[in-house]
Amino acid sequence: VAVVRQLIENDVPPGVQHPQVPVVQIQRPVAGEGLAVWNRIVAPDGLIREGWQPDPAPGASYRYVLGSGDVLEGTVLVHEPPRVLAGTVTNADMGLMRFGHEDCGGGPVAHLWLSTWGMEPDRFDALERGWDAAMRKVFG
């Protein structure tokens, strides 16, 4: 609900010329329990390499360096391990991100998701390639 509220309450950010909302969504099938998968996401050799703080409260600021080398900064909206960590991404055109573990549909997966407001296509493509490579490295 918090993520949907963020989308509804935030119009196109100032300075965005073309309000397209590109989305990166990467999923990898995983074995193991949800908490084990979550721990691989937040481990220093996992997807969030730097900046992880246990139990980030909704409303708290964060700065994460990902396994891809990308930096995400923003505000935590939801933290419900092992299912989801979601928040705003102020340094990606006020986008939204979501990380976690799901066990529905085609089976258990680790997932990364980012929506942005009109990010430049080259930057977006590089981000998607980097996240995909980081997911492959951590989860195969």
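The following is a working chat about a predicted model of a protein.

Me: How much of the protein is buried?
Reply: Buried residues make up 44% of its 140 residues. The accessible surface comes to about 7400 Å², and 51% of that surface belongs to carbon and sulfur atoms.

Me: What is in the largest nonpolar core?
Reply: That core has 31 residues, and the members that touch the most other members are L85, M97, W131 and F139. At least two residues each come from β1 (23-29), α2 (34-42), β3 (61-66), β4 (71-80), β5 (84-89), β6 (95-104), β7 (107-115) and α3 (121-139).

Me: Which element gives the most to this core?
Reply: The answer is α3, with 7 residues. There is also a second, separate core of 6 residues, which includes L77, V78, A86 and L96. As a general background, nonpolar side chains in soluble globular proteins tend to be buried together.

Me: Let us stay with α3. What span should it have, and what does the model show?
Reply: At 1.5 Å a residue, the 19 residues of α3 should span 27 Å. The C-alpha atoms at its ends are 26 Å apart, which agrees with that expectation.

Me: Which residues of α3 are buried?
Reply: The buried residues are F124, L127, G130, W131, A134, M135, V138 and F139. They lie on the same side of α3, because they cover an arc of only 135° around the axis. These buried residues pack against β1, α2, β3, β4 and β7.

Me: And which exposed residues are on the face turned away from that buried side?
Reply: That face of α3 carries the exposed residues P121, D122, R129 and K137.

Me: What does F139 contact, leaving aside its neighbours within four places in sequence?
Reply: F139 is in contact with R28, P29, V30, V37, R40, I41, L47 and A110. Just after α3 comes G140, which takes a positive phi of about 85°.

Me: What about α2, which residues are buried there?
Reply: In α2 the buried residues are G34, V37, W38, I41 and V42. Seen down the axis of α2, they fall within an arc of 130°, so they line one face of the helix. The elements that cover them include β2 (48-50), β4, β5, β6, β7 and α3.

Me: Changing topic: where is H111, and is it buried or exposed?
Reply: H111 is found in strand β7. With a relative accessible area of 3%, H111 is buried, because buried means under 20%.

Me: What does the side chain of H111 make a polar contact with?
Reply: The partner is the side chain of R98, at 3.3 Å. Not counting residues up to four places away in sequence, H111 touches I26, Q27, R83, R98, F99, G100, H101, E102 and M135.

Me: What of P108, which is also in β7?
Reply: P108 is found in strand β7 and counts as partly exposed, at 29% relative accessibility. Apart from neighbours within four places in sequence, P108 is in contact with R28, P29, V30, H101, E102 and D103. P108 and V37 are 71 residues apart in sequence, and their C-alpha atoms are 9.6 Å apart in space.

Me: Where is P58, and what does it touch?
Reply: P58 is in the loop between β2 and β3 and is exposed, with a relative accessible area of 60%. Not counting residues up to four places away in sequence, P58 touches V76 and L77. The C-alpha atoms of P58 and V78 are separated by 5.7 Å, although these residues are 20 apart along the chain.

Me: Which residue has a positive phi although it is not a glycine?
Reply: D55 does, with a phi of about 55°. D55 is in the loop between β2 and β3, and at 63% relative accessibility it counts as exposed. In general, most residues other than glycine have a negative phi, and most peptide bonds are trans.

Me: Where is there a cis peptide bond?
Reply: The peptide bond from P81 to P82 is cis, with omega near 0°. P82 lies in the loop between β4 and β5.

Definitions and conventions
Residues numbered from 1 in each chain as written. Predicted model: local features only at pLDDT ≥ 70, side-chain atom pairs only at ≥ 80, totals over all residues. Heavy atoms only, no water. Core = buried A, V, L, I, M, F, W, Y, C linked by side-chain atoms within 4.5 Å. Buried < 20%, exposed > 50% of the residue type's maximum accessible area, 1.4 Å probe, protein only. Helix = DSSP H or I, 4+ residues; strand = E, 2+ residues; numbered from the N terminus. Contact = heavy atoms within 4.5 Å. Expected span 1.5 Å × (residues − 1). Arc of directions from axis to C-beta. Areas by Shrake-Rupley, 256 points an atom, 1.4 Å probe, with all protein chains shown as cover. Polar contact = N/O pair within 3.5 Å; in protein donor to acceptor, adjacent residues only side chain to side chain.
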